[in-house]
Amino acid sequence: MAIEAGMEFFRASGAHHLAEPFTRGLGAILMFHRVRPRLEQAFEPNQPLEITPEFLNALIVWLRQRGVEIVSLETALMRLRDGVSGAPFAVLSFDDGYRDFVEHALPVLERHGAPFTLYLTSGYADASARLWWVELEEAIRRLDHVDVIAGGRRVRCDTATATEKRRAFAEIYAQLRADDEEELLRVVTALSAEARLEPHALTRRLCLGWSELRVLARHSLATIGAHSVTHARLAKVDCATAIFEMAESRLRIEAELERPVPHFCYPVGDPTSAGRREFELAARLGFASAVTTRPGMIFPEHRDHLSALPRLSVNGRHQSLAALDILLSGAPFALMNAGRRVTAA
């Protein structure tokens, strides 16, 4: 992968330190998903979406030692709008509303007094929406053979060993990501039924419910944002559905938590899942900000693109402070984006 080659170049040369004054911008919005102890299982295809509590703790300590100020999303946006410069900032954002956030991440954040933003998928709190990527993992974990049509292509293979399961997951996942939401859910539903997996029970087990979220929303360190109703990739659905996913999630969360929800996070959030139409919808719907998963730092120019803010993913692939030292310099993204500070097309 190009990004891995770039990381190796910076790791060997240290060139990111020279570039940093020009590439790090005002700061970064860091993106997290699950935080829990490492399971050390042979088949963990979604492990790249996880970090350990120990690494989160080390990251916060390291950020502050590096002179990075951990601020709320509102503070970062205020600095961006007002053109305030100074120490680089980091916003800590967590997607989806997993139960392990309260169990493993929150104690670390409280220990350090670190503000955070939690982007909630309202359907996960209701246990009505599906964590399809986890569902796919669990189905393949239970099955010893897979035979399914995904994206018009038949995937037929044994899945008795961890190696076979990893190969099957990667092939099916790639096909589903390339297809639309209806096809994705059709395939995952078929595999779950064969594996005798109850999807909504899985959501209920892994995600925070409304009673837990009401307590969390009152936390002095918390900012709550919306992350759609069903976690649909908005660019893959029609305009009316995209508007519903964005607006209804905000209304549902505001009604349940009894507080305004001015910020949005695009599900999946890459260029195939959120683009110019979705950025314009977020602005039209009155969201004060909306974040993507497009990698990049925050620059003064982003004040004109508050509905297309980039984030820096902190995940299982780069779970090391040495890797984050490179990423937070902004140098890899300057190369990746051909020097463009804003990628909002």
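This is a predicted model: local features need pLDDT of at least 70, side-chain atom pairs count only at pLDDT 80 or more; totals for chains, interfaces and linings use all residues.
Leaving aside neighbours within four places in sequence, with which residues is Leu-143 in contact?

View 1. Beyond its neighbours within four places in sequence, Leu-143 contacts Thr-159, Lys-165, Leu-191, Glu-194 and Ala-195.

**View 2. Packing of helix 7 (residues 132-142) against helix 10 (residues 199-206).** The two helix axes are 10 Å apart and form an angle of about 115°. Helix 7 is thus roughly perpendicular to helix 10. The crossing of helix 7 and helix 10 is right-handed. Helix 7 contributes Val-134, Glu-135 and Glu-138 to the contact, while helix 10 supplies Pro-199, Leu-202 and Leu-206. By residue class, the contact of helix 7 with helix 10 comprises four nonpolar, no polar and two charged residues.

**View 3. Packing of helix 3 (residues 53-65) against helix 5 (residues 99-112).** Here the axes come within 9 Å and cross at roughly 25°. Because angles under 35 degrees count as roughly parallel, helix 3 and helix 5 are assigned to that class. The crossing of helix 3 and helix 5 is right-handed. On the side of helix 3, the residues in contact are Pro-53, Leu-56, Asn-57, Ile-60, Val-61 and Arg-64. These meet His-104, Ala-105, Val-108, Leu-109, Arg-111 and His-112 in helix 5. The residues of this contact divide into seven nonpolar, three polar and two charged.

**View 4. Thr-117 in strand 6 (residues 116-120).** Which residues does Thr-117 touch, not counting those up to four places away in sequence? The partners are Leu-73, Val-91, Leu-92, Ser-93, Phe-94 and Thr-223. With a relative accessibility of 1%, Thr-117 counts as buried.

**View 5. Residues other than glycine with positive phi: Glu-40 and Arg-196.** The phi angle of Glu-40 is near 60°. Glu-40 belongs to the loop between strand 2 (34-35) and strand 3 (50-51). Is the side of the cut-off on which Glu-40 falls buried or exposed? Its relative accessible area is 61%, so Glu-40 is exposed. Arg-196 has a phi of about 55° and is located in the loop between helix 9 (181-194) and helix 10. The relative accessible area of Arg-196 is 77%, which means that Arg-196 is exposed.

**View 6. Cysteine residues Cys-157 and Cys-239.** How many disulfides does the structure hold? The number is zero. For Cys-239, the nearest cysteine sulfur is that of Cys-265, at 19 Å. A disulfide requires the two sulfur atoms to be within 2.5 Å, so Cys-239 is in none. Cys-239 counts as partly exposed because its relative accessibility is 32%. Cys-157, with a relative accessibility of 21%, also counts as partly exposed.

Note on methods:
Residues are numbered from 1 along each chain as its sequence is written. Side-chain values use heavy atoms; hydrogens and water are left out. Axes are lines fitted to C-alpha atoms, for helices over the stretch in contact, and angles run from 0 to 180 degrees between N-to-C directions. Helices (H or I, at least four residues) and strands (E, at least two) are DSSP runs, numbered from the N terminus. Angles under 35 degrees count as roughly parallel, over 145 as roughly antiparallel, 65 to 115 as roughly perpendicular and the rest as oblique. A crossing is left-handed if the near helix is turned anticlockwise from the far one by less than a right angle, and right-handed if clockwise. Contact means heavy atoms within 4.5 Å. Ala, Val, Leu, Ile, Met, Phe, Trp, Tyr, Cys and Pro count as nonpolar, Asp, Glu, Lys and Arg as charged, and the others, Gly among them, as polar. Buried means under 20% relative accessible area, exposed over 50%, partly exposed in between (1.4 Å probe, protein chains only).
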